[in-house]
Every structure is written in structure tokens, then in C-alpha cells.
Amino acid sequence: MLLARRTLMGGLAALPLPALAQEAAYPSRPVRMIVNFPPGGTTDIAARIYAERLQARLGQPVPVENRGGATGNIGSEAVARATPDGYTVLSTAVSPAAINYALFGARMPYRPEDLAAVGLYLRVPNVIMVHPSQPIRTIQELVAAARAQPGAFNYGSAGSGGSPHMAMEMFMLRTGTRMTHVPFRGAGPMLIEAVAGRLEASVDNIPSCIGHIRDGRLRALAVTGHVRSSVLPDVPTLAETVVPGFEATAWFGMQAPARTPRAAIDRLGAEIDAISKEPMTRSKLAELGAELPNLTADGGTSPATFEAFITAEIAKWAEVVRASGATLE
């Protein structure tokens, strides 16, 4: 009996840790969700919507921890370096997951292969805004004013390299305008300054600024999606006004450390897909002007389709950075 017990224990000790982790029911303890931007922005809003539903579906707490800074790189690096056991995940955005590789270059603290794709939450267009005290009422008027005073107009964004910043770089490139970028550490701080009237213009994802637009604290001039937003139907697109064919949308999703057990990735991916299809989730996202993942045939998402999507986005934004000459302030 003693010999059999020693043989069993010896066999278990020889198993690799990931294999042992997969033997236990997953998850058996809290799953920590790191958000790589401060509270108040769309990354944080999306993370909390999905964390709440994940907690209910997984039967384990899903605490949210904000680690902003370096255009999302600080939080992303923390997850890339975390133990790959399925109990630390990342709620990320287009900038740290795709744009930053070209923008930071050799200074990038992690590489695409350091993070595994889990699932795409949603996509949202950006919106260009001015304070109501500004005499500018249309996107055409903003273009004319910026052309008349190159560099004199300041515009704020949630940070260098984010989708709003890069959308504005594309916008200025295509319209022959030049405005001065004022980056902030997240959408929350930027919107405080924009609402206070201390920025001539601002650009942000629709979910984090829609409340200010609805309440009249900011005036929306144009959206960056290929069609008008369902929550801002009276606001034209850049494509239909000053830049034909223009489209630049932000997106948000979940990643995990590379080498996370496949069973954990597949379970989390399946839950993200299911949550994205829940009527309650769709209703919340619709209120924010967000679009569904639409990576799979049924409009959902999967680890494999999200991985392919990220790869394509890295290539696309690398070309935008090169063409625009965008830099980190």
C-alpha cells in the first residue's frame, strides 16, 4: 500500500504544472481582470460589463484592477509577465494590442507572442467634438479653422497611440490640416478638460463621451465609423462630409498570458462569446453606440478569430503610423 502511494505521488510530481492545472475544474478561484487604462474610458466600461457577467457565469469572483499608463503598455506587460494559469486576464484595446507595436518600436516592453487572444468584446467608432462655447458647428468649419491657423488648435485624446489619437492623425493627413495633440492618461481626465472648455477640440470613443454629448456639455461634429452611429444619428460621418472612404474604429477584448492552458483559454473564450450574444449585454452595448464583435458567422467571437483579427490590425496600424508620421509626445 505504501509503495503504491509513493508510486502515485511520484507520477503526479512528474506531471507538468499546466497538465495538473487542467485536471482541476476551471476556474476554482477568483479570476483577476487587469484593465490597462484608468477608470472612466471605454476600456474600463467594457471590462466591467463583461467582468460582471463572467463572475455570474464562472461562479467565481472576477475582480477588476486598473493599471493605466504608457498607452496601455503597463497593464499589458503585467499580464504578459503573469503566471500563465488562467487566473490573470487582460481587458485591452486596439492601442496596446495593435497600434503600440509600431508606435513604440524597440521600446515596446512585450511582443504579440507574449499574449494569447481570448475574445473580442465590441467595436466602437470615435467622435470628434468641440465645446459648445466654440463658434464651430460643423466638421467642415473645424477643417477650415484648422487650415487657417495651422497648429493653433489643440485637441485632446485619451493618450498617445490610442484609436482616437490615430484617427485624428489620419483625419489631419487626409484633410491637410495640422492641430496640436494634447494627450491625457485616459479618457476620464481628458473629458474633464474638454467639458471645462480648456481644449479647442477633442476626440474619444463614443461610449465614454456619449453622456456629455447628450447633456449638451460637448458638441459632436463627426463620427469616424463607416456609417452613422445609432446613438448619434444626426451626427455625420467623416466619410460623408470631408474625407470620402474614411473609417477608424476602436475595439476592445480579452487577452491572457501566452502559454495559458488551452482549456482555460477555450472556457473564457466561450464565455465571452456567450456574453456578447446575451440580450442584456447587447442592450447595454447598443446604449453606448457599440457594435457587436462580428468575427464569427453568427456575429460572435472565438480565440482563433480574435487572434487572426489582432494580427491583421497590427499590420494595418503599422502602415497608418508610417504614413502619418505619428509619434509619442
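At 16% relative accessibility, D273 counts as buried, where buried means under 20% relative accessible area, exposed over 50%, and partly exposed in between (1.4 Å probe, protein chains only). Its salt-bridge partner is K277, with the closest N and O atoms 3.0 Å apart; a salt bridge here is a side-chain nitrogen of Lys or Arg within 4 Å of a carboxyl oxygen of Asp or Glu. K277 is partly exposed, with a relative accessible area of 26%. Both residues sit in helix α10, four residues apart, or about one turn of the helix. Helices (H or I, at least four residues) and strands (E, at least two) are DSSP runs, numbered from the N terminus.

A word on the model itself: it is predicted, so local features need pLDDT of at least 70 and side-chain atom pairs count only at pLDDT 80 or more, while totals for chains, interfaces and linings use all residues. Residues are numbered from 1 along each chain as its sequence is written, and side-chain values use heavy atoms, with hydrogens and water left out.

Side chains of opposite charge can pair when their charged atoms come close. In this model the count comes to 18 salt bridges. One of them joins R53 and E278, whose closest N and O atoms are 2.8 Å apart. This pair links distant parts of the chain, 225 residues apart: R53 belongs to helix α3 (residues 42–58), and E278 to the loop between α10 (262–277) and α11 (279–287). R53 is buried, with a relative accessible area of 18%, and E278 is buried as well, at 13%. Both take part in a network of salt bridges that links R53, R57, R267, E271 and E278.

A further salt bridge, between E240 and R228, also has its closest N and O atoms 2.8 Å apart. Here the two residues are twelve apart, and each lies in the loop between β8 (219–223) and β9 (249–257). E240 is partly exposed at 44% relative accessible area, and R228 is partly exposed at 38%.

M179 lies in the loop between α7 (163–175) and β6 (180–183) and is buried, at 6% relative accessibility. Leaving out residues up to four places away in sequence, M179 touches L142, A146, G151, F153, Y155, M168, F171 and M172, with contact meaning heavy atoms within 4.5 Å. M179 and E169, ten residues apart in sequence, are 9.3 Å apart in space, C-alpha to C-alpha. W317, with neighbours within four places set aside, is in contact with V94, A98, I99, M166, M170 and A248.

In helix α8 (residues 187–195), the buried residues are A187, M190, L191 and A194. They cover an arc of only 95° around the axis, so they lie on the same side of α8; the arc is that of the directions from the helix axis to the C-beta atoms. Their cover includes β5 (154–157), β7 (201–205) and α9 (206–214). Just after α8, G197 takes a positive phi of about 80°.
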